[in-house]
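Thank you all for coming; I would like to walk you slowly through one structure today. Please look at the sequence and the model first, and then we will go through some side-chain contacts together.

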Amino acid sequence: MTDPIADYLTRVRNAIRAGHRVVDIPSSKMKKEITKILFEQGYILNYKFIEGPTPSGTIKIALKYDPVDNVSAIKDLQRVSRPGLRQYTGYKDMPRVLNGLGIAILTTPQGVMTNKEAKARKIGGEVLCYVY
């Protein structure tokens with residue numbers, strides 16, 4: 001697999017479209033950090049890191065849905081930076097997702113964080129994905 005982050009986003013996107021409540025994803029350090037950000041921002045209900053038969057383990061994510069009309073909290077996930085075409089940004093040119101309603105997840109020298117946190121710290125980095 002050439003792009004594990006795109007695989008992560010596709011698994012979550014497919015689980016949402018199929019109406020699943022839980023999705024299992026092979027784990028890595030980057031995927032764990034992205035999962036923590038999605039939980040902190042309120043896009044997923046809960047998560048669990050499971051050590052198992054694979055060396056890195058598994059991430060079990062409980063997806064968040066509206067109890068009334070059963071609509072997912074995540075409307076869309078878009079991969080921005082790919083292995084063949086990296087997208088970097090400085091803190092002055094930080095992307096705004098859906099006029100500030102969504103988030104961009106960046107990897108910076110100080111770790112994985114949202115666009116709002118990176119702008120507050122005045123650091124730039126590689127834009128991994130947009131979530132809204």
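**Side-chain contacts, one group at a time**

Let me begin with aspartate 24, which counts as partly exposed because its relative accessibility is 40%; in these terms, buried means under 20% relative accessible area, exposed means over 50%, and partly exposed is what lies in between, with a 1.4 Å probe and protein chains only. Before I go on, please keep in mind that this is a predicted model, in which local features need pLDDT of at least 70 and side-chain atom pairs count only at pLDDT 80 or more, while totals for chains, interfaces and linings use all residues. Residues are numbered from 1 along each chain as its sequence is written, and side-chain values use heavy atoms, with hydrogens and water left out.

Where does aspartate 24 sit? It belongs to strand β1, residues 22-26, where Val23 and Ile25 make up the covered face, whereas Val22, Asp24 and Pro26 make up the uncovered one. Here strands (E, at least two residues) and helices (H or I, at least four) are DSSP runs, numbered from the N terminus. In general, the side chains of a regular strand alternate between the two faces of the sheet.

Strand β1 runs antiparallel to strand β3, residues 58-63, and five bridges join the two; strands are said to pair if DSSP finds at least two bridges between them. Within β3, lysine 60 is the bridge partner of aspartate 24. Their side chains also meet, in a salt bridge of 3.3 Å from N to O, a term that asks for a side-chain nitrogen of Lys or Arg within 4 Å of a carboxyl oxygen of Asp or Glu. This pair links distant parts of the chain, since aspartate 24 in β1 and lysine 60 in β3 are 36 residues apart. Lysine 60 is partly exposed, with a relative accessible area of 32%.

Another salt bridge brings together the side chains of arginine 121 and glutamate 117, at 2.9 Å from N to O; both lie in helix α3, residues 115-121, four residues apart, about one turn of the helix.

Now let us turn to the aromatic rings. Rings of Phe, Tyr and Trp (its six-membered ring) pair if their centres lie within 6.5 Å, and planes under 30 degrees apart count as stacked, over 60 as edge-to-face and the rest as tilted. By this rule there are two aromatic pairs. The rings of phenylalanine 39 and tyrosine 47 are edge-to-face, because their planes stand at 75 degrees, with the centres 5.3 Å apart. The rings of tyrosine 47 and phenylalanine 49 have centres 5.1 Å apart and planes at 45 degrees, so this pair is tilted. Phe39, Tyr47 and Phe49 form one aromatic cluster.

Finally, what sits over the ring of phenylalanine 49? The charged end of lysine 32 does, 5.3 Å from the ring centre, where the rule asks for NZ of Lys or CZ of Arg within 6 Å of the centre and within 35 degrees of the ring normal.
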